[in-house]
Protein chains: 2
Amino acid sequence: MARRPVDVPSLVEAARAGSPRAVARLITLVENASPALREVMAALAPYTGTASIIGLTGSPGVGKSTTTSALVRAYREQGKRVGVLAVDPSSPFSGGALLGDRIRLGEHALDPEVYVRSMASRGHLGGLSWATPQALRVLDAAGCEVILLETVGVGQSEVEVAGLADTVMVLLAPGMGDGIQAAKAGILEIGDLFVVNKADRDGADATVRDLRYMISLAEGREAGEWRPVVDKLVAERGEGLEEVLGSIAKHRAWLESSGELGHRRRRRAEDEIEAIAVAQLRSRMGEVDRGEGMTQLAQQVASGELDAYRAADELLAKLP
Amino acid sequence: MARRPVDVPSLVEAARAGSPRAVARLITLVENASPALREVMAALAPYTGTASIIGLTGSPGVGKSTTTSALVRAYREQGKRVGVLAVDPSSPFSGGALLGDRIRLGEHALDPEVYVRSMASRGHLGGLSWATPQALRVLDAAGCEVILLETVGVGQSEVEVAGLADTVMVLLAPGMGDGIQAAKAGILEIGDLFVVNKADRDGADATVRDLRYMISLAEGREAGEWRPVVDKLVAERGEGLEEVLGSIAKHRAWLESSGELGHRRRRRAEDEIEAIAVAQLRSRMGEVDRGEGMTQLAQQVASGELDAYRAADELLAKLP
């Protein structure tokens, strides 16, 4: 299919000037791993590095969308341009995300200062680590001061979100998981801020207490380190939202004063560079012996003639 | 910490002779990515390729452990040596799995012909793809005719199990997800066999009907291709177990007659070789400019001075 070539400089200019269409087009180029992506990223780089990226994760049913919507409203009232990137890692086979971008966050659909985008992570190993940082850069360069990165909390994806955000907010709901469950799921290690949503329900105080207790048990916290905060929220009615916004702002101030912001961003850049480099090396591996190299080695490994380590050595020795 | 060196030939000999301790030790070497792993895998390779690997996945609560236990009992009655590898991808930070190997499948704990092992996938990107195939090879070389590879069905992990097993069994329970849910979760594409467990509960027939309907809608199935089977089971009482065993055997026969078994194993070997090669390349990338290369490039990307693609190019150009 012949497609019209991408005019990258105009597209980047339009995105920076605030065109939602241009932003959407750029993210589509990211999703499709367009050949123009290199040029896009080179053009965007000078304008990136200013957005606050807030990761938002939690099990299905804790109220992530409602909370995201409440946060968007609050930041819009502060006059900030806001980006929302919703990543759905539970949808490995779908090329698109389950919820259309238009029906998500309906109340903000017509606000030109709010960019909402859903992405499926498509079952790629490292799907999130490959495309999501690039999409975040698009939103950052498009002038979003706050980017909400929302993902369903299922194991791996939470850890990946933690790696991509400046501030990680873990949402819980009363009765959906106590402190011990949180500890088992590994989320205690990744959250900068825990928000017990639906806090008007029974058991909210017990969940808050459990979480605070589990956090207090976490060992090895040194002076000057961030101590995770636990807030209550009823996102649907906006109750407790001020406290949550205050906690996010406090974490941001700590990130800046402690040097942790720079540290997190460098680590993130390392992951991004590595992901791109690995993808290129994978493609070179596929070219060994005109594409036949891997097939022949796999045949030998499958038959027990060769072990996978020696096969990997042979493949690497022939790398173009 | 000085550790006694591993006597690989003796260990492999003992595992092949049926020593559960030797099998356990070998899998621990895999989990710890021991330096002896290369030697272990080279020694095991000639004895691999005979086990039937049955993947077993499904959401929490569908009865995976009970079903695994019932299958182990049935294969033991056929006189087969059985391996069980339970991978817990929801436990990214734990070095060990949540359930101890001894308390799992308690009734088989004393049977020397049953090897049971839990592994956590540890939040590695590609955690499952790295260590699990090696652990499967250990069990295969140790003479297990059947290996049950059990994992909690959460998005990515199901897809990975599908890539590692000869036969993929997806467990469901009535009322826990109808056909449409299955379609959304992407499991229709990966299952060779769907088992509706707890089939004595209300709604079992409706779930079976939904699944069969969704399968019938799947397009592009050609003559000679496998058509996924839907069976009912009450694993706790063994009701329907004969049918499930029959379906597994039928799928196995089809795998062999169609050539698909060889195809799946070659594809699996490709993934394994690639995972090992990528791990080695990652380690080489970490050595660029005596370990400083990545840090400097990441600093430039974080500051917007350089984009991640050009940084990746520079890194690859310096690869030792």
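Leaving aside neighbours within four places in sequence, Thr48(A) is in contact (heavy atoms within 4.5 Å) with Arg137(A), Asp140(A), Ala141(A) and Gly304(B). This is a predicted model, in which local features need pLDDT of at least 70, side-chain atom pairs count only at pLDDT 80 or more, and totals for chains, interfaces and linings use all residues. Residues are numbered from 1 along each chain as its sequence is written, chains are lettered from A and ligands numbered from 1 in the order in which they are written, and side-chain values use heavy atoms, with hydrogens and water left out.

- Thr48(A) is placed in the loop between helix 3 (37-44) and strand 1 (52-58) of chain A; helices (H or I, at least four residues) and strands (E, at least two) are DSSP runs, numbered from the N terminus.
- With a relative accessible area of 8%, Thr48(A) is buried (buried means under 20% relative accessible area, exposed over 50%, partly exposed in between, with a 1.4 Å probe and protein chains only).
- A polar atom of the Thr48(A) side chain lies 2.8 Å from the backbone oxygen of Ala45(A).

**Helix 2 of chain A**

- The 12 residues of helix 2 (residues 20-31) of chain A should span 16 Å at 1.5 Å a residue, and the end C-alpha atoms are 16 Å apart, which agrees; the expected span is 1.5 Å times one less than the number of residues.
- Buried residues in helix 2 of chain A include Ala22(A), Val23(A), Leu26(A) and Ile27(A).
- Ala33(A), which follows helix 2 of chain A, has a positive phi, near 50°.

**Salt bridges**

- Over all chains, the structure holds 32 salt bridges (a side-chain nitrogen of Lys or Arg within 4 Å of a carboxyl oxygen of Asp or Glu).
- Arg137(A) forms a salt bridge with Glu272(A), the closest N and O atoms being 2.7 Å apart.
- This pair links distant parts of the chain, with Arg137(A) in helix 5 (residues 127-141) and Glu272(A) in helix 10 (residues 260-286) of chain A, 135 residues apart.
- Arg137(A) and Glu272(A) are both buried.
- In chain B, Arg137(B) and Glu272(B) meet in a salt bridge at 2.7 Å, N to O, and both are buried.
- Lys232(A) forms a salt bridge with Asp205(A), the closest N and O atoms being 2.6 Å apart.
- Because Lys232(A) lies in strand 7 (residues 229-232) and Asp205(A) in helix 8 (residues 204-217) of chain A, the pair ties together parts that are 27 residues apart in sequence.
- Lys232(A) is partly exposed, with a relative accessible area of 38%, and Asp205(A) counts as partly exposed at 48%.
- A network of salt bridges links Asp166(A), Arg252(A), Glu256(A), Arg265(A) and Arg268(A).

Technical notes
A polar contact is a pair of N or O atoms within 3.5 Å; within protein, one must be able to donate a hydrogen and the other to accept it, and residues adjacent in sequence count only if both atoms are side-chain atoms.
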